[in-house]
Each structure stands twice: as C-alpha cells, then as structure tokens.
Amino acid sequence: MIKRIFILLALLGLVLMFLPFLKDFDFHQELGDLSSQYVEGSINDLNSQNVVTSVIVTYRGLDTLGEVTVLFLATAGVGFLLRKKKTSLRSRRSSELLQTGSQFLFVLIILTGVYIFTHGHLTPGGGFQGGVLITTAFLLLILADINLKFNHSILLFVESFSGVFYVIIGLFGILLIGMNSFLDPAILPLGNFGKLLSAGAIPLIYSIIGLKVGSELTTIIDKMGGE
Amino acid sequence: MISIIIIVLGIIMILAAFLAIRLKNLLSAIISAGVISLLASVIYLLLAAPDVAMTEAAIGSGLTTIIFIFTLKKIRKGDLDD
Amino acid sequence: MIFSLILGFLLLIIGIYGMLTQKNLIKIVIGFSIVDTGTHIIIVSIGYLRGKTAPIIDSSVDIKNAVNAVVDPIPSALVLTAIVIGLAVTALMLSFIIKLYQKNRSLSVDDYQELKW
C-alpha cells in the first residue's frame with residue numbers, strides 16, 4: 001500500500017515537472033543560429049545534400065566516434081555474458097524451399113544495405129540504417145537455417161578493421177589539413193553537388209560506420225539467438 | 001491534417017503501451033512494445049525526420065522485438081532442460 | 001507539434017509507471033524501451049518547424065533559400081545515434097537477465113534480494 005502511494009507521488013511529481021514545460025513551450029518559426037550554420041555549411045562547404053548526414057559525420061564526428069565505441073563496449077559485454085558453452089548441436093534441417101529462398105533474399109538485402117550506406121549523403125539513410133539492414137540479412141539466415149555456422153574470423157576482421165580505419169581517416173585530416181581538422185571530409189575532392197562521388201570523405205566514413213554497426217549488431221544477434 | 005493523424009496514432013500507441021505493461025503473457029507484451037516503435041516511426045516521418053524514421057522502423061520494431069523474443073526463447077529452453 | 005510533445009510525455013510517464021510497478025524483469029526492460037521511445041519523440045518534436053520539409057536539399061528545395069525551407073537537423077542527428085545505442089543497451093540488459101535466470105531460475109525482482117550473486 002505504502003509503495004503504491006510513493007509510486008503515485010513520484011508520477012505526480014513527474015507530471016508537475018513537465019506541465020510548465022508544456023505550457024510555456026514556444027515553437028520556433030525559424031532555425032537557430034547553429035542550425036542555419038550547419039545547413040549553409042553543408043551546402044557550400046561540404047557539397048552534401050543530406051544535412052543530417054553532414055551533422056553526424058562531420059560537425060558531430062567525434063560524438064559518432066564515441067557512439068561507435070559505446071556500441072562496441074555493449075557488444076563486448078553481451079559477448080562476455082553469453083559465452084558459448086559446448087553443447088551438442090541439434091540437427092534439424094529446415095526445408096529446401098526455405099533455405100533456397102532465404103539465400104536468394106540474403107544477397108538482395110545485403111545489396112540494399114550497401115546502397116543505403118553509400119548513398120547516405122544524397123538520400124535519407126546512411127551508415128546506421130544500412131548496417132541494421134545488413135544485420136537483418138544475417139538474422140534471416142539465423143532464423144531460416146538452423147545448422148548455420150558463421151565465419152567468425154571474417155566478422156571479427158571487419159569489425160576491428162572498420163574501427164581502426166575510422167580513426168586513421170580522422171588522423172589523415174590532421175596530417176593533411178591542420179591541427180583542428182580531425183575527421184575533416186575535405187581530404188578527398190569535394191566533387192559536384194548531388195553526385196554520388198561528392199562530399200569528400202563523407203561516403204567513405206559513413207560506409208565504414210555501416211560496416212562497423214552491421215558487424216557489431218550481427219555479433220549481438222548471433223550471441224543472443226544462436227543455439 | 002498532420003495533427004489528426006498524430007492524435008489517432010497517439011491514442012493507439014498509448015493503448016499499446018498500457019497493454020505492453022499490463023498483459024500477463026510476455027510474448028503479447030513484447031509484440032505490443034514493437035507496435036509502439038512501428039507507429040513511432042510513422043510519427044517521425046510526419047515530423048519531417050525521414051532518417052530517424054528509417055532507423056526506428058528497422059531497429060525499434062525489428063531488431064529490438066527479435067532480441068526480446070530470443071531472450072524469451074533462451075529462458076523457456078532453460079526451463080525444458082531441467 | 002504540440003500533440004507529439006504531449007504523446008512523448010505520456011509514453012515516458014507510462015514507461016516509468018511500468019518500471020516502478022512491475023515485478024517481472026523482462027517487463028521492466030519493456031518499460032525502459034517505452035521510455036526510450038517517448039524521449040526520442042519529445043526530442044524530434046522540439047526540432048519540428050511548422051510547414052517545413054525534411055533537411056535534405058534535393059530538387060524540391062530552393063538551394064538559395066534552403067535555410068528557410070527545412071526543419072532543424074540537429075535533433076534528428078542526436079536521436080539517430082540514441083536509437084542505435086538504445087538497442088545495444090537493451091541487448092546488454094537482456095543478456096544480464098539470461099545470466100540471472102540461469103543462476104536462480106526466476107524472473108521476479110523479489111527473488112534477487114542479496115546484493116552479491
């Protein structure tokens with residue numbers, strides 16, 4: 001009983017905390033200074049159509065590096081907690097139709113994922129979305145084929161080398177441009193606005209993020225769903 | 001027009017949230033939580049954030065639901081092993 | 001958009017209510033994911049500007065006047081990374097639950113009274 005009263009009090013306090021925020025909330029009609037700078041900089045300096053991509057990869061690039069690190073730590077935690085025990089492999093084959101169909105779809109889903117993260121600077125989407133799509137392709141294989149064995153060394157290789165390359169591309173910025181240019185995309189030619197090979201290193205960095213996210217999440221799915 | 005769609009989706013989402021918390025059957029609760037994420041991705045699209053909508057549709061309603069179901073499967077399997 | 005702001009707050013409150021009242025560990029994680037969704041909706045609706053389009057400068061947006069035609073890109077970028085982190089944290093919590101269950105054969109919080117396990 002007393003616990004219920006405390007829970008009600010806590011929720012009431014939360015509502016009282018939010019009410020003034022809702023009542024006095026004034027919606028802006030125009031972008032703030034920082035956002036306008038980002039939109040203009042994305043058009044004039046970076047040649048990138050998708051402003052969200054340029055914010056994630058360039059203006060907030062260091063945050064994204066930290067975020068990928070958090071993802072890596074969480075994956076390491078999951079892998080540590082769910083270590084594989086030596087169990088007898090249950091061999092229950094799925095039907096021929098399911099196996100063939102899922103292998104056909106697997107290639108198409110991977111292709112869509114690669115399309116999404118290479119076109120991250122032109123259309124909605126990017127490394128995170130493309131990486132998640134690649135993970136869903138592997139999820140399809142896990143669900144459809146019960147006797148699936150991943151090549152874990154390739155997964156490990158992609159995961160570690162994409163992380164290393166991300167930092168190396170950032171360091172190239174310092175080497176080629178200047179002290180304050182970690183993760184600057186201008187190390188490659190900026191190209192024409194709206195073309196695939198434009199926006200400097202942004203497609204390269206976002207592809208690396210896509211591979212990194214895809215391999216991390218595939219490891220999580222494999223650890224949690226594997227027999 | 002956008003406000004009407006958001007109100008309708010919001011009512012469904014709040015009902016699904018109550019169901020996700022109150023339902024005794026864990027599988028139904030997990031599916032209700034997935035419904036919340038799926039409708040949230042439609043709301044992001046209406047709020048002019050297509051990047052977030054793509055991420056939420058793939059992660060929130062796809063992978064999160066699957067991870068919950070995998071956990072449930074592992075726990076049920078542990079029960080059978082005894 | 002005021003309605004999506006209210007919706008976000010309601011989802012947040014429902015999620016916290018679930019986390020406080022439920023005994024089942026998986027139910028607590030479900031409450032956490034509802035709180036996650038609510039927070040993301042709040043952040044995205046703060047960045048929304050009425051009648052403006054998505055921050056992608058393609059042929060439908062005038063490049064010269066792009067600043068006055070698009071919504072705020074920063075909340076979108078923040079929420080994008082937050083969703084991915086939310087998935088990883090949820091996976092970590094669920095693997096802790098699997099470990100706890102293998103140890104004690106129970107999903108109820110009441111069975112985990114001791115601090116050391």
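How much area is buried between chain A and chain B? Here are a few notes to get you started; keep in mind that this is a predicted model.

1. Let's take that question first. About 1,500 Å² is buried between chain A and chain B, with carbon and sulfur atoms giving 74% of that area. On the chain A side, A:Gln129, A:Val132 and A:Met224 lose the most area to chain B, and together they make up 34% of what that side buries.

2. Now for who takes part. Chain A brings 20 residues to the contact and chain B brings 14 residues. Helix H6 (127–144) and helix H8 (202–225) of chain A each supply at least two residues of the side that touches chain B. Sorted by type, that side of chain A has ten nonpolar, seven polar and three charged residues.

3. As for pairings across this interface, there are zero salt bridges between chain A and chain B. Polar contacts do turn up, with five residue pairs counted there.

4. Over all chains, the salt bridges come to two. One joins A:Lys212 and A:Glu216, whose closest N and O atoms are 3.3 Å apart. These residues sit four apart in helix H8 of chain A, so about one helical turn separates them. A:Lys212 is buried at 9% relative accessibility, and A:Glu216 is buried too, at 0%.

5. Then there's C:Lys23 with C:Asp110, at 3.5 Å between the closest N and O atoms. This pair links distant parts of chain C, 87 residues apart: C:Lys23 lies in the loop between helix H1 (2–21) and helix H2 (25–47), while C:Asp110 lies in the segment after helix H3 (73–104). C:Lys23 is partly exposed at 37% relative accessible area, and C:Asp110 is partly exposed at 40%.

Technical notes: Residues are numbered from 1 along each chain as its sequence is written. Chains are lettered from A and ligands numbered from 1 in the order in which they are written. This is a predicted model: local features need pLDDT of at least 70, side-chain atom pairs count only at pLDDT 80 or more; totals for chains, interfaces and linings use all residues. Side-chain values use heavy atoms; hydrogens and water are left out. Contact means heavy atoms within 4.5 Å. Buried area is the accessible area (1.4 Å probe) that two parts lose on being put together, summed over both. A salt bridge is a side-chain nitrogen of Lys or Arg within 4 Å of a carboxyl oxygen of Asp or Glu. A polar contact is a pair of N or O atoms within 3.5 Å; within protein, one must be able to donate a hydrogen and the other to accept it, and residues adjacent in sequence count only if both atoms are side-chain atoms. Ala, Val, Leu, Ile, Met, Phe, Trp, Tyr, Cys and Pro count as nonpolar, Asp, Glu, Lys and Arg as charged, and the others, Gly among them, as polar. Buried means under 20% relative accessible area, exposed over 50%, partly exposed in between (1.4 Å probe, protein chains only).
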